[in-house]
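Please read this note with the model open beside you. Each point takes up one part of the fold.

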Amino acid sequence: MSPADEKPIRLLSSAHAFDVHAAKERLAAANGGYEVVHRSERMEVGVYVLVAPEADRQQPHEDDEVYIVLEGHGVLEVEGEPVELREGHAVFVPAHAEHRFTGYEQLSVLVLFERAQGG
C-alpha cells in the first residue's frame, strides 16, 4: 500500500487512533528515542527506538508495562535474567523491576504502561 492509498486517521468521540509506524520512522530517523502516542488517565502508549551503539539507559518504572517488538531483535534483561526478543514477541515487566535492552543493532518496540489510578 502506498502512502497515497492510506486513509487518514479518523478521530472518534470516545476513542482515537494513532500512527505507530510514523512515530517509529521519526524516531529511527533521529537515531532513536521515545515518543508518547497516547496518554489517558490509566494508560500510556509509546514507541521506543534504540539504535546501537547508544545504550538503553532507562530506570525502573512506577507502573507495570508491556513491550511489543515492532522491528528488530535484542535481549531484555529483567532483574538480571535475559529474555531474547524478536519481531512479534512481547514481554511483561512488573513495576519497579530493573530492566534494559541489550544486544540490539536497531530495535523498535511499542510500550504499554498501565498507570496507577490517580497516578
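**Notes on the model**

1. Start with a loop residue. Glu87 touches Val69, Leu70, Glu71 and Gly72, leaving out residues up to four places away in sequence. Contact here means heavy atoms within 4.5 Å. Glu87 sits in the loop between β5 (81-86) and β6. Helices (H or I, at least four residues) and strands (E, at least two) are DSSP runs, numbered from the N terminus. Glu87 counts as exposed because its relative accessibility is 53%. The cut-offs are under 20% relative accessible area for buried, over 50% for exposed, and partly exposed in between (1.4 Å probe, protein chains only). Gly74 is 13 residues from Glu87 along the chain, and their C-alpha atoms are 9.5 Å apart.

2. A word on the source. This is a predicted model: local features need pLDDT of at least 70, side-chain atom pairs count only at pLDDT 80 or more, and totals for chains, interfaces and linings use all residues. Residues are numbered from 1 along each chain as its sequence is written, and side-chain values use heavy atoms, with hydrogens and water left out.

3. Now the sheet. Five strands form an open sheet in the order β1-β2-β8-β3-β6, with antiparallel pairing. Two strands pair if DSSP finds at least two bridges between them. The edges are β1 (33-39) and β6 (90-93), each pairing on one side only. On average, neighbouring strands are turned by 20° against each other, direction ignored. Axes are lines fitted to C-alpha atoms, for helices over the stretch in contact, and angles run from 0 to 180 degrees between N-to-C directions.

4. Look inside the sheet. Strands β2 (residues 43-51) and β8 (residues 106-114) pair in the antiparallel sense over 9 bridges. Val49 stands opposite Ser108 in β8. Helix α1 (residues 20-29) packs on the sheet, where it touches β1, β2, β3 (65-71) and β8. The direction of α1 makes about 35° with that of β2.

5. Which residues of α1 are buried? They are Val20, Ala23, Lys24 and Leu27. Seen down the axis of α1, its buried residues fall within an arc of 100°, so they line one face of the helix. That arc is taken from the directions from the helix axis to the C-beta atoms. The cover over these residues includes β1, β2, β3 and β8.

6. Check both ends of α1. Asp19 caps the N-terminal end, with a side-chain oxygen 3.2 Å from the backbone nitrogen of His21. After α1 comes Asn31, whose phi is positive, near 65°. Asn31 is exposed, at 56% relative accessible area.

7. Next, the packing. The largest nonpolar core has 16 residues, of which Tyr67, Leu76, Phe101, Leu107 and Val109 touch the most other members. Such a core is a set of buried Ala, Val, Leu, Ile, Met, Phe, Trp, Tyr and Cys residues joined through side-chain atoms within 4.5 Å. Two or more residues come from each of β2, β3, β4, β6 and β8. The most come from β8, with 4 residues. Apart from this core lies another, of 9 residues, among them Ala23, Leu27, Val47 and Val49.

8. Two backbone details remain. Ala52 and Pro53 are joined by a cis peptide bond, with omega about 10°. Pro53 lies in the loop between β2 and β3. Glu79, in the loop between β4 (73-78) and β5, has a positive phi near 50° though it is not glycine.

Methods:
Polar contact = N/O pair within 3.5 Å; in protein donor to acceptor, adjacent residues only side chain to side chain.
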